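Please read it alongside the model.

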Amino acid sequence: MPDKNSRLRQAQEEAEEVKVIMMDNMEKTEERKAKLQDLDKRAEELKLKSKSFHKTSMKVKEQKKCDNIKAKWKLIAVVAASAIIVILVATFMLVNRSSPENTHDIGSIPMNEGGITPTTIGPGK
């Protein structure tokens, strides 16, 4: 009988070891479950934030696109205005140069008697 008791005791000890291991595994499983739930919650929050970020980034992209178009039109307007000013100034200068009333010919100033020009200051001879 001592042999049966020792076998029985050994089987009970092994069963107790298995029970301890199983309890430990169950605790670890519960911990993992809680961690997975936490990760799921955080993943859902990140998903919502990413949707919000995407929406905001698309708005910013459209705004920058509009700003870029406005800047291009402003640049075109400035260049066009500058070109018009240059053309007007050049045209004005050409018209003034070719106009007969604005020509100044020094040799055509009339002389008074005695060789005194009308612009001479002082007594004449």
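Val 89 is partly exposed, at a relative accessible area of 46%. The model is a predicted one. Val 89 sits in helix H1, which covers residues 2-98.

Val 89 also contributes to a nonpolar surface patch. Patch membership calls for over 30% relative accessible area, and Val 89 has 46%.

The UniProt record, an unreviewed entry, lists residues 75-95 as "transmembrane region". In the model that span is 100% helix and 0% strand. Its end C-alpha atoms lie 30 Å apart.

Now the charged side chains. How many salt bridges does the model count? The count is one salt bridge. Lys 28 and Asp 24 form a salt bridge through their side chains, at 3.4 Å from N to O. The cut-off for such a contact is 4 Å. Side chains of opposite charge can pair when their charged atoms come close. Lys 28 and Asp 24 are four residues apart in helix H1, so about one helical turn separates them.

Lys 28 and Asp 24 are each partly exposed.

| Residue | Relative accessible area | Class |
|---|---|---|
| Val 89 | 46% | partly exposed |
| Lys 28 | 38% | partly exposed |
| Asp 24 | 35% | partly exposed |

How values were computed: Residues are numbered from 1 along each chain as its sequence is written. This is a predicted model: local features need pLDDT of at least 70, side-chain atom pairs count only at pLDDT 80 or more; totals for chains, interfaces and linings use all residues. Side-chain values use heavy atoms; hydrogens and water are left out. Patches are made of residues with over 30% relative accessible area and no salt bridge: like charges are joined within 9 Å, nonpolar side chains (Val, Leu, Ile, Met, Phe, Trp, Tyr) within 5 Å. Accessible areas come from the Shrake-Rupley method with a 1.4 Å probe; for residues, only the protein chains shown count as cover. Helices (H or I, at least four residues) and strands (E, at least two) are DSSP runs, numbered from the N terminus. Buried means under 20% relative accessible area, exposed over 50%, partly exposed in between (1.4 Å probe, protein chains only). UniProt positions are given in the numbering used here, feature names are shortened, and annotations may be inferred rather than shown by experiment.
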